[in-house]
Amino acid sequence: MRISLAYSVAFIATLNAAWLSQLPAQEPEKCDVFVAGENGVPLYRIPGIVVTPRGTVLAYCEARKNSRSDWGEIEVQLKRSIDGGKTWSKAEAIAHRSERIPGNTGDEKKDAEQTVNNPVAIVDVADGSVQFLYCVNYSRCFSMESRDDGITWS
């Protein structure tokens with residue numbers, strides 16, 4: 001039984017290698033999704049990307065609006081692609097659109113700005129939802145969910 005299984009696996013691997021060798025060699029297309037200076041944002045950092053079960057690509061990152069600092073006015077922006085990353089929607093601030101939370105540094109200037117940071121998206125392949133986690137001012141964590149491939153969020 002083990003021998004026939006080993007031969008079956010070897011045969012399938014050979015077929016797959018032969019089939020793959022028939023495909024034309026293609027260089028991946030490259031696309032800059034978040035570009036420094038775009039929409040008045042001098043720096044984008046902490047990028048992430050997920051693909052939903054329906055094939056929608058969600059790219060997100062921190063948009064550092066006033067400086068390159070980890071402390072400052074930062075929002076999480078998201079872009080969507082429904083064509084495999086060839087074209088992208090306009091960037092949209094998605095995280096923490098509710099009341100601002102005061103800072104916690106003890107520095108009056110830093111505390112006047114809100115830092116929405118450390119975004120992470122998790123796709124639930126069983127039900128197609130996207131769970132999204134983020135922090136505010138490095139002290140509070142929040143979650144939200146999309147059930148429509150990142151169009152709307154809870």
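F34 has a relative accessibility of 18% and therefore counts as buried, a term that means under 20% relative accessible area, with exposed meaning over 50% and partly exposed in between (1.4 Å probe, protein chains only). The model is a predicted one, in which local features need pLDDT of at least 70 and side-chain atom pairs count only at pLDDT 80 or more, whereas totals for chains, interfaces and linings use all residues. Residues are numbered from 1 along each chain as its sequence is written, and side-chain values use heavy atoms, with hydrogens and water left out.

**Aromatic residues**

Rings of Phe, Tyr and Trp (its six-membered ring) pair if their centres lie within 6.5 Å; planes under 30 degrees apart count as stacked, over 60 as edge-to-face and the rest as tilted. By this rule the chain holds five aromatic pairs. One of them joins F34 and Y44, whose ring centres are 5.2 Å apart and whose planes meet at 45°, so the pair is tilted. F34 belongs to the loop between α1 (2-21) and β1, and Y44 to strand β1, so the pair ties together parts that are ten residues apart in sequence. Helices (H or I, at least four residues) and strands (E, at least two) are DSSP runs, numbered from the N terminus. Y44, with 13% relative accessibility, also counts as buried.

Y60 and F132 form an edge-to-face aromatic pair, with 5.1 Å from centre to centre and 80° between the planes. This pair links distant parts of the chain, since Y60 is in strand β2 and F132 in strand β6, 72 residues apart. Y60 counts as buried at 5% relative accessibility, and F132 counts as buried at 1%. Together with W153, Y60 and F132 make up one aromatic cluster.

Two strands pair if DSSP finds at least two bridges between them. Strands of a sheet pair through backbone hydrogen bonds, either parallel or antiparallel.

β1 and β2 also form a hairpin, with five residues between the two strands; G55 in the turn has a positive phi of about 95°. V51 has V57 in β2 as its bridge partner. At the other end of the strand order, L78 has E92 in β4 as its bridge partner.

**The three-stranded sheet**

A second open sheet has three strands in the order β5-β6-β7, again with antiparallel pairing. β5 (116-123) and β7 (140-146) stand at its edges with a single partner strand each, so one side of each is left without a neighbour in the sheet. From one strand to the next, the twist averages 20°, where axes are lines fitted to C-alpha atoms (for helices over the stretch in contact) and angles run from 0 to 180 degrees between N-to-C directions.

β5 and β6 form a hairpin with six residues between them, and G128 in the turn has a positive phi of about 85°. V116 stands opposite V136 in β6, while I122 has Q131 in β6 as its bridge partner.

| Strand pair | Sense | Bridges |
|---|---|---|
| β1 (residues 43-51) and β2 | antiparallel | seven bridges |
| β3 and β4 | antiparallel | two bridges |
| β5 and β6 (residues 130-136) | antiparallel | six bridges |

**A loop residue, E73**

E73 is found in the loop between β2 (57-64) and β3 (74-81). Its side chain makes a polar contact with the side chain of R100 at 2.9 Å. A polar contact is a pair of N or O atoms within 3.5 Å; within protein, one must be able to donate a hydrogen and the other to accept it, and residues adjacent in sequence count only if both atoms are side-chain atoms. Neighbours within four places in sequence aside, E73 is in contact (heavy atoms within 4.5 Å) with A63, R64, K65, N66, R100, E113 and Q114.

**The chain as a whole**

The chain has two helices and seven strands, which follow the pattern α-β-β-β-β-α-β-β-β along the sequence. Of its 154 residues, 35% are buried. Among contacts with a separation of 6 or more, 40% come from residues 24 or more positions apart. The accessible surface of the chain is about 10000 Å², of which 56% belongs to carbon and sulfur atoms; these areas come from the Shrake-Rupley method with a 1.4 Å probe, and for residues only the protein chains shown count as cover.
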